[in-house]
Every structure is written in structure tokens, then in C-alpha cells.
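My entries follow the display below.

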Amino acid sequence: MFQLMFISMMGCGQNVEPAVIREQRCLQNEMDACYEIGLEALHRSRPDIGTARKEFAKGCQMEHHPPSCNELAKMVRDARGGPRDVKRAAELFEIACTKGDIQPACVSLGLAQFDGRGIKVDKETAVSHFDAACHHADDPQPEGCAALGIAYLEGAGVEEADEVKAEELLRNACESEYPAACVLVGDMYKEMKGKKEENLLVTLEFYDKACKIEGRFGCFEFADMHESGDAPEASDKKAADYYQKTCAIDPTRGCFEAAQLMESERVQAREGEIESLYNLACEHGHTAACAKRSLDK
């Protein structure tokens, strides 16, 4: 991932700001400068999406500048600053991957090819992108390893399914701090290796690791196992705690479940906490939470 370094020039006699220099270079069609302006706009505390998209588009359209094409592709894919266009996004990722050897773009291109997102399904080519990105000498991509692991798990785009190879790849991606891979390893032990206690403990270990890396992953699954009683030594308190971790990051998940546990009196709640959790879930589109809030009124 490209990172922009900002240098403050506040000393006496330095009356030209670096931003001005970048703008001048961009006006002279130096696409690296336009790209830097786009990144700066995108990563402000209050992002300037319009400027970012304009600068990335300039670099990509004028010279097929690979870093600009990659950033523009992500914005087009995610509908940031304009409508979502998965076909155009795939085309842009292809430019960034094939022209610039930008490995995150190669993974994104592979994902589009694997699932047919705006491009013809080609699982074999997708797998080749995942493999190259996963094992790239200079910029290995854990997301590529995870995608390759899924391909081996499904037996898609590879000679045959290989659960051992899949687990190895997913574990490696997890060790590289890619939380979605940690969840997938946990799922494997929960669903494929059976309900033996030792397998469930491994499942919890990987859900917990994912949760600690990024709360959007693993926390909800960890909580659900404790609430449902699937976890060895299941704990309602742990369930509520992990639901609330999920809720704090993504209020569409976890808030409602934590409130339900508290309302059932399986977990003690602070004054007003149940209502607050239902309100938060409702405000983020959880219809059951809205119905619950209406009943309470």
C-alpha cells in the first residue's frame, strides 16, 4: 500500500509549500504528483472524495498510471464519488496489475475473475493471480493467500480440492494479520473438523485472533458460539462482551444480540444500556431492534 509522507516547511526563507510544488508538477502532467494529490485528498480527516477521484482519473486516463488506476478502481468498485461500476473497476484493476505489477490490484482482479464481478469468470487465471500475489518476493499479499486458500477449499480453479493446502494458506494469511483468514480457519474447524472439544477450542482461538486484529471480524462469531452453548465452558458474559465489541464497530451486528442477552437477565445491564443498544441497532437499519423499541414505548 502506497503511503504519502508529509513534510512541514515552516522555517524562515521557505515560502513555497510542498502542496504548491505538487500542484505545479501535476499541471505539467507528472502523474506521480497528481496521484499524491489524490491520496492526500482521500486520506484527510474529512476526505475530499471528488478531488481524489478527479486526480486518480487524470493519471489513469492520460497515461495508464498504475497506482492511479488502482485507486480509481477501488473508488469505482465501492461507489465512492460516483456510481458503482464493477465492469469498469475490473478493467482498471487489470491495468494496475498487468502494467504496474501492483499486487493488491492483481488480487482484486483475481477476485473479479473468480466470481465474475463485471468480467468473464475465469477461475484458473484468478488462481494464478492469487498465487503470484501470495508468493510475491517483494510485496506478498495475505489477501491473495486467503483467496488461494478458498480456491483449494472449494476445488475451484485448481486441479483438485485440498483441505490441508487450504488450511496452510489461510493460517499463513491469518499470521500475516489478515483477519478474514482467521475467521475462515475457525470456520473450518467448526464445520469441517466436527464438534469435538479440541476443534471448537481452535475455532474460538481463531475467532478471537481475528477479533483482536479488527473487530469487524471474529467478534460476532466468538460471541455467537458462547451464546448458543457451542463453546466449551460457554459464558453469557463473554457473549455479551464480544457482541458489544462488534456493536462498537458495526452497529448492524452485535447491538441487538447484546441487548437481548441483557433483557433476558442472563447478563447484568447498566441503567439505560438495553434501550441504548436497541436504539443504536435500530438507527443502523436493524428492523427487529426498531420493533423492539416500539414495543418498549
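**Entry 1: A charged pair and its network**

I began with E163, which is partly exposed, with a relative accessible area of 33%. I take buried as under 20% relative accessible area, exposed as over 50% and partly exposed as in between, with a 1.4 Å probe and protein chains only. The model is predicted: local features need pLDDT of at least 70, side-chain atom pairs count only at pLDDT 80 or more, and totals for chains, interfaces and linings use all residues. Residues are numbered from 1 along each chain as its sequence is written, and side-chain values use heavy atoms, with hydrogens and water left out.

I found that E163 forms a salt bridge with K193, the closest N and O atoms being 3.4 Å apart. E163 lies in helix α9 and K193 in the loop between α10 (179-192) and α11 (197-213), so the pair ties together parts that are 30 residues apart in sequence. A salt bridge here is a side-chain nitrogen of Lys or Arg within 4 Å of a carboxyl oxygen of Asp or Glu. Helices are DSSP runs of H or I with at least four residues, numbered from the N terminus. K193 is partly exposed as well, at 27% relative accessible area.

**Entry 2: Other salt bridges**

How many salt bridges does a search of the whole structure find? I noted 21. In one of them, R270 pairs with E273, and the closest N and O atoms are 3.4 Å apart. I recorded R270 as exposed, with 62% relative accessible area, whereas E273 is buried at 10%. Salt bridges with shared partners also join E163, E167, R171 and K193 into one network.

**Entry 3: Disulfides**

I counted 8 disulfides, each a pair of cysteine sulfur atoms within 2.5 Å. Among them, C60 is joined to C69, S to S 2.1 Å. This link of C60 and C69 is right-handed, with 100° about the S-S bond. C60 is buried at 1% relative accessible area, and C69 is buried at 0%.

I also looked up C247 and C255, whose sulfur atoms are 1.9 Å apart in a disulfide. Their link is right-handed, with 90° about the S-S bond. C247 is buried with a relative accessible area of 5%, and C255 is buried with 0%.

A further disulfide joins C174 to C182, S to S 2.1 Å. The torsion about the S-S bond of C174 and C182 is about 100°, so this disulfide is right-handed.

How values were computed. Helix = DSSP H or I, 4+ residues; strand = E, 2+ residues; numbered from the N terminus.
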